[in-house]
Amino acid sequence: MISSSIRHRDNVGSPSGEPVRLKPHLLFLLFVILLTPGCQQTPHEYKRTLLVFGTLVNITLRDVDEELAQKSFEQIRQDLELMHFLWHPWKRGPLGRTNALLATGGWFSVNVSVLPVIEKGRDLARITNNLFNPAIGKLIALWGYHQDEPPTGPPPSKEAIEQLLAQHPRMSDIEFDGLRIRSRNPAVQLDFGAMAKGLAIDRVIDYLRRQGIHNAIVNAGGDLKVTGSHGDRPWRIGIRHPRKQDGVLAALDVNDGESVFTSGDYERFYEYEGRRYHHIIDPRTGYPADQTTSVTVIHTNAATADAAATALFVAGPDGWQAIARKMQLRYVMLVDKNGRIIMTPAMAKRIALTEIDNKPVVIEP
Ligand code: FAD
Ligand code: MG
């Protein structure tokens, strides 16, 4: 049986006016937005939805006048569209050029908008023991995830996967000399899909604060960061249930400056002969990580939260603690393939699960 994760075919307009199809996780985002009380446009609350990075980005600003809100939305739209172009994993652009030159093995000057992303990716790869490994772009392409629509199968051959694995692409293969870089390993192909949304959201929140906007939430397909509060209470969000279509697993109050990122096997996947093949690849095996269905991380740095959620997803129920300790993560929730919920004590104190009969396992990292 072949089925695709695309079930909804609603059309929305992208900022560039191109028609796009809404994926289930985009519909979930709209649902989460509706969950947030006070989402009515009030004289002091403004909302804008943009389509970048293949996802809907919803921005809510509070306690701001209309002129500043509209000016900020326009600036953010331009900035996000620029980041989309600069860091796109498979379209022609600065990251594509970087990948082509890395494959030659020679030194070259890297685009200054790409260099900090590579440096951040290198640091996060190191601290996650390479479970977050943005150098595995070739594997992600082999699995068919370098396109808008999820593939339909069959999965790639064992030989093709093993051939890429044997080349061990790592961020530590890249050498740095000021603005110049080179790769000692021609198999390195960069894909920042597990971190770029976080980087972008950090920048949008920084920009808003510099504009004097102190109460805002930026939500990209359920991954988000807040500044300030929602009136006299914190921003409140829902975390998607990994197995219930449009269901909510938990509710959470998000404090000033926090970001909440979730990696799930339901975001992009296909089924082939009864097995699910999703987009989060275990760099040790070359196959989709199969012990986890979702991981949520709270951190003040959105790029760190983004990469950490992906790395802990790969680490799974037996390996997440070592990485969480190394990264000094306080707030982690993991749902394993059997639906068992594991979380840190700090997370347990502040999260409200919707299924009262599913008692979480609470463990120190
Ligand atoms: P995360 O868990 O945060 O990341 C998973 C993604 O990271 C995978 O999709 C893969 O790309 C990569 N990855 C998988 N395993 C690993 C690993 N072990 N270590 C490191 N990385 C891994 N998608 C579209 O459909 N259309 C677009 O036009 C589009 N444009 C994009 C533009 C940019 C600049 C970027 C960065 C991504 C774009 N994407 C696009 C991809 C889309 O954003 C991904 O679906 C998204 O990055 C996955 O994020 P996530 O939060 O669901 O999962
Ligand atoms: Mg991630």
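Predicted model: local features only at pLDDT ≥ 70, side-chain atom pairs only at ≥ 80, totals over all residues.
An oxygen atom of ligand 1 sits 3.3 Å from an N or O atom in the side chain of R268. An oxygen atom of the ligand is 3.2 Å from an N or O atom in the side chain of D223, and a nitrogen atom of the ligand lies 3.0 Å from a polar backbone atom of L131. On its own, ligand 1 would expose 950 Å², and the protein buries 95% of that.

Which elements give two or more residues to the shell around the ligand? They are α7, spanning 196-210, and α8. The largest share, three residues, comes from α8. In total, 31 residues surround ligand 1, and the closest are F53, D148, G193, S263 and H279. Sorted by class, this shell holds 15 nonpolar, eight polar and eight charged residues.

Now let us turn to an open space in the protein. The second largest pocket has a volume of about 370 Å³. Its lining is made up of 21 residues, and those closest to the pocket's centre are R275, P288, A289, D290 and Q291. Here you meet α8 again: this helix (302-326), together with β15 (275-278) and β16 (292-299), is among the elements that each supply at least two residues of the lining. What classes of residue make up the lining of this pocket? Seven are nonpolar, six are polar and eight are charged.

Note on methods. Residues numbered from 1 in each chain as written. Chains lettered and ligands numbered in written order. Heavy atoms only, no water. 1 Å grid on protein atoms, 1.4 Å probe; cavity = no way out; pocket = protein on both sides within 12 Å on 5 of 7 lines; lining within 4 Å. Points joined across faces, edges and corners; volume = space filled by probe spheres on them. Helix = DSSP H or I, 4+ residues; strand = E, 2+ residues; numbered from the N terminus. Nonpolar A, V, L, I, M, F, W, Y, C, P; charged D, E, K, R; others polar. Near = heavy atom within 4 Å. Polar contact = N/O pair within 3.5 Å; in protein donor to acceptor, adjacent residues only side chain to side chain. Areas by Shrake-Rupley, 256 points an atom, 1.4 Å probe, with all protein chains shown as cover.
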